[in-house]
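Me: Hi! I'm new to this one, could you walk me through a few spots?
Reply: Happy to, let's look together.

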Amino acid sequence: MTTPPTDRFHEEQATYTVRGSDKPDLEAGVAAIRNVLRTLPVRPGVYRMLDAKGDVLYVGKARALKNRVINYTQVTRLSKRLQRMVAQTRDMLIVTTNTEAEALLLEAQLIKRYRPPYNVLLRDDKSFPFILLREDHAFPRAQLHRGVRRAKGQYYGPFASAGSVRTTLTALQKLFLLRSCTDSFFANRARPCLLYQIKRCSAPCVERIDQAGYAELIEDAKDFLGGRSTRVQERLGRLMAEAAENMDFELAAVYRDRLRALTYVQGTQTIYAEGLGDADIFALACKGGTMCIQAFFIRGGQNWGHRSFFPAHTNDVPEDEVLTAFLTQFYEEVPAPKTILLDRELAEAALLAEAFSARAERRVSLRLPQRGDHAKMIRQAKRNAEEALDRRLAETSTQHQNLRGLAELFGLPEPPQRIEVYDNSHVMGTNAVGAMIVAGPEGFRKNSYRKFNIKREETAPGDDFAMMREVLSRRFARLEKEDPDRTKGDWPDLLLIDGGKGQLSSVLEVMEDAGVHDIPVVGISKGPDRDAGREVFHLPGGREATLPPNNPVLFYLQRLRDEAHRFAIGAHRQKRAKSMAASPLDEVPGIGPSRKRALLMHFGTGKAVKGAALEDLEKAPGISKAMARGIYDYFHPRG
């Protein structure tokens, strides 16, 4: 994704901070803004509202900064939300740009960086998945990719979910027989794997296909992902006919099966999308102050899935403004397609098109379809947005009831806004990890989940109580360091521990040492015979509580505990898989990936390298005598 060069922006900090109390004060906020206005230019740019601590309250952009910022001094014309923001404002940061489009792009970057409380926020836990066809290997692999696109290759996406990517990867295997294995697995094969036997790989690892033939498969896959599947269909049909004419009916059957698979995939993916090319479709629904934006992703005329978004901080914000802010932040994450279809006209549509075109370095258009198949797709997206919003509101209502029941059960002063649940996972003390999940009124907050590798020497392997002490002590030490005043919302209102009295006592010791006495802690044990539905809730002071087996609050607590259990087991399995793949050569000084590969290819295993004689090490390709001596001495330390 191309980002605007930093030399196009000229940041000037306004030095007119109003000293004094950090309590909300409307007059002080207006005074701070007026001081900045004295030297504010009438040119495009971005402004940041700062509170007394220097935290960003709001990021905005303007075609003419002075004309835009002066509106904040006209308090009676502001909404209640903006009045609260002005009352907290004590300083401003100004960034001037050459054009309003540049200001729009910079605004999106800053909102993503600072997550201000008064901006509409695109709330999403993960980056979007893509399919990556790598170009740094003679036999490229098709794989799922998230995050920064550093690897050399072609990226196709975004997809709505990892499930959509895996479905398409499976189709690529069936249609084009592309390999899906890792490079290390590929390099060490001596015979084809099961995927070759079930006709989902061409086995380039054992030369069942040459590089030129595999390159043809890759080109077909690129045509398919690029929306040129008709070309692939014609080629497969021609090859099937040629094989039949040559009486090679077995090969003709292979082409026939691939042709059938392609026809099936086309039938399941091209829903009203034929002729649309690359496009994203957005529709917004609003009910009860909550908004949902439904997005459909069309690439190459193929439907690559859809996703519902629920932007944060939308109270008192007009729907058009929410959709504009959403699109700006959305295309900060992913490249814009050629066409963006919307369910309404936006006042800043021309500005958005200019900014997205500048970022993509090609023309991007925003349109409101009025008739035909494209209008049908907009209506379908609108209907999906309304249905997703109804589900969300129903879930939110149930969630609030559960939190109120939780507060009543444990004697909390009010329903908790942030619940942290902790669990440990290990196998006889090995690869031990602790896990923390977070939940609140909106459900699970997966971007706040944390893993803890158990690493302190005093924590004995297999000691669950000591592991829990280590996890909680590290957690509270970090909270005290990063948020001592408890202003960032990272401190929990309730701690849930997967365990009984022992784990609860360990946590209470940690909290006593940390000087934290105002956070309720509850341990959850399975109860008699470890039966689900008969859980016992352990509270400080030896108190215990139980709930009837059909109680909704019990079901909610079980969900929280099971989610922590799932996350902890997943973290443990990742750590265990990594340790199983570890090699004795990983710790040898001077041994990088290429030398490690050469040694393993020569000796077969890391254990064989460790037991090799000095003379044998010297014979390995790419290993000098000095390096061989270093490896030998590492595994055979003298005296």
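Me: Is A514 buried, exposed or partly exposed, and why?
Reply: A514 is partly exposed, because its relative accessible area is 32%, which falls between the 20% limit for buried and the 50% limit for exposed. Keep in mind that this is a predicted model.

Me: Where does A514 sit?
Reply: A514 belongs to helix α15, which covers residues 501–514.

Me: And which residues does A514 touch, leaving aside its neighbours within four places in sequence?
Reply: Those contacts are F476 and E480. As for L472, that residue is 42 residues away from A514 along the chain, and their C-alpha atoms are 9.9 Å apart.

Me: Okay, switching to the strands. How many residues of β9 are buried?
Reply: Nine of the ten residues are buried in β9, which spans residues 290–299, so the strand is mostly covered.

Me: What about its pairing with β8, how many bridges are there?
Reply: There are nine bridges between β8 (residues 279–287) and β9, and the two strands run antiparallel. For example, F282 stands opposite A295 in β9.

Me: What's in the turn of that hairpin?
Reply: Two residues lie between β8 and β9, and G288 in the turn has a positive phi of about 60°.

Me: Then which residue in β10 is the bridge partner of F296?
Reply: That's H306. β10 covers residues 302–309 and pairs with β9 in the antiparallel sense over six bridges. The hairpin of β9 and β10 has two residues between the strands, and there G300 takes a positive phi near 60°.

How values were computed
Residues numbered from 1 in each chain as written. Predicted model: local features only at pLDDT ≥ 70, side-chain atom pairs only at ≥ 80, totals over all residues. Heavy atoms only, no water. Buried < 20%, exposed > 50% of the residue type's maximum accessible area, 1.4 Å probe, protein only. Helix = DSSP H or I, 4+ residues; strand = E, 2+ residues; numbered from the N terminus. Pairing = 2+ DSSP bridges. Contact = heavy atoms within 4.5 Å.
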